[in-house]
Amino acid sequence: MAHDMTKLEENFRQKNKSCFILGASGETGQLLLKEIVERKLFSKVTLIGRRLLTFEDKSYENLVQEVVDFEKLDEYAAAFQGHDVGYCCLGTTKAKAGADGFVRVDHDYVLKSAELAKAGGCSHFNLESSKGADKSSGFLYLKVKGQVEADIEPLDFERYSIYRPAVLMVDRQESRPTEWFARKILGPISSLFPTAMSIPIQFVIKAMVANTLIPTGDKVEILENKAIYDLGKALEN
């Protein structure tokens with residue numbers, strides 16, 4: 001079903017909604033923030049993270065930043081209050097944080113943030129997950145991603161959107177050798193079959209924004225890689 005995205009954006013702005021972004025220092029979070037700010041979709045945008053971010057562009061000057069200690073998130077419940085929409089792009093890797101650290105960030109921090117967001121009045125929670133996420137998977141990464149997806153669902157948000165992109169085609173600022181190798185291999189393939197095993201990160205960003213604008217009756221929705229690509233393309237056109 002085709003949507004008039006321009007009209008949807010206009011209608012959304014009139015609602016004066018607020019949002020928060022978790023993980024705005026990461027690749028997805030940075031680009032998501034840029035997209036949201038440029039489109040002026042929310043009357044208030046709050047970044048929740050472990051450190052203050054600096055921006056030179058004046059379009060970012062009205063951002064609210066809440067610095068929290070993720071090990072003591074209950075003490076920062078106020079940071080999660082009063083937001084209509086939440087975007088969670090929080091994540092790390094086993095290589096960077098170790099197995100225990102990976103679970104703590106990608107499951108524990110994410111779940112606790114979702115709990116506080118729900119308690120704070122958030123109605124639409126958006127979670128960046130991964131293609132193949134499955135709590136019964138034998139692979140730690142996919143198992144943790146699937147487990148946190150499942151653990152958030154009982155929180156009963158009015159709307160809970162899960163995005164499962166494949167390998168992100170992006171030049172990361174931090175080194176992730178596995179992704180770098182995958183991009184080298186998948187680059188030529190992605191140009192011919194854009195949703196086979198990868199996806200340009202821009203389409204993930206635009207899909208998250210487009211999905212926020214499009215009203216749906218689904219309380220819980222899982223967007224797989226092809227759906228993400230199609231939705232992102234709709235906002236790009």
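Predicted model: local features only at pLDDT ≥ 70, side-chain atom pairs only at ≥ 80, totals over all residues.

Author: The dialogue below gives the general idea of each feature and then its case in this structure.

Reader: How many helices and strands does the protein have?

Author: The protein has seven helices and nine strands. Helices (H or I, at least four residues) and strands (E, at least two) are DSSP runs, numbered from the N terminus.

Reader: What share of the residues in the protein is buried?

Author: Buried means under 20% relative accessible area, exposed means over 50%, and partly exposed lies in between, with a 1.4 Å probe and protein chains only. Of the 237 residues in the protein, 49% are buried.

Reader: Among contacts between residues at least 6 apart in sequence, what percentage join residues at least 24 apart?

Author: Contact means heavy atoms within 4.5 Å. Among the contacts between residues at least 6 apart in sequence, 71% join residues at least 24 apart.

Reader: How is the packing of two helices described?

Author: Two packed helices are described by the angle between their axes and the distance between the axes. Axes are lines fitted to C-alpha atoms, for helices over the stretch in contact, and angles run from 0 to 180 degrees between N-to-C directions. Helix H2 (residues 27-39) and helix H6 (residues 201-213) pack at about 50 degrees, and their axes are 9 Å apart.

Reader: Which word describes how H2 and H6 lie to each other?

Author: H2 and H6 are therefore oblique to each other. Angles under 35 degrees count as roughly parallel, over 145 as roughly antiparallel, 65 to 115 as roughly perpendicular and the rest as oblique. The H2 and H6 crossing is right-handed. A crossing is right-handed if the near helix is turned clockwise from the far one by less than a right angle, and left-handed if anticlockwise.

Reader: Which residues of H2 and H6 meet?

Author: From H2, Glu27, Thr28, Leu31, Leu32, Glu35, Ile36 and Arg39 meet Ile201, Ile205, Lys206, Met208 and Val209 of H6. The residues of this contact of H2 with H6 comprise seven nonpolar, one polar and four charged. Here Ala, Val, Leu, Ile, Met, Phe, Trp, Tyr, Cys and Pro count as nonpolar, Asp, Glu, Lys and Arg as charged, and the others, Gly among them, as polar.

Reader: At what angle do H1 and H6 pack?

Author: H1 and H6 pack at about 65 degrees, with axes 9 Å apart. That makes H1 roughly perpendicular to H6. The crossing of H1 and H6 is left-handed. Met5, Leu8, Glu9 and Phe12 of H1 make the contact with Ala210, Thr212 and Leu213 of H6.

Reader: Where do nonpolar side chains tend to be in soluble globular proteins?

Author: In soluble globular proteins, nonpolar side chains tend to be buried together. A nonpolar core is a set of buried Ala, Val, Leu, Ile, Met, Phe, Trp, Tyr and Cys residues joined through side-chain atoms within 4.5 Å. The largest nonpolar core has 38 residues, of which Leu32, Ile36, Phe42 and Tyr87 touch the most other members. H6 gives the most to this core, with nine residues.

Reader: Which residues does Ile36 touch?

Author: Not counting residues up to four places away in sequence, Ile36 touches Cys19, Ile21, Leu41, Phe42, Val45, Tyr87 and Val209. Another core, of 25 residues, lies apart from the largest one and includes Val68, Val105, Val110 and Phe125.

Reader: Is Thr46 buried or exposed?

Author: Thr46 counts as buried, at 1% relative accessibility. Thr46 is placed in strand S2. Beyond four places in sequence, Thr46 touches residues including Cys19, Val64 and His83.

Reader: Where do Asn16 and Lys40 lie?

Author: Asn16 lies in the loop between H1 and S1, and Lys40 in the loop between H2 and S2. Asn16 counts as exposed at 54% relative accessibility, and Lys40 is exposed with a relative accessible area of 61%. Phi of Asn16 is near 50 degrees, a positive value in a residue other than glycine. Lys40 also has a positive phi, of about 50 degrees, although it is not a glycine.

How values were computed. Residues numbered from 1 in each chain as written. Heavy atoms only, no water.
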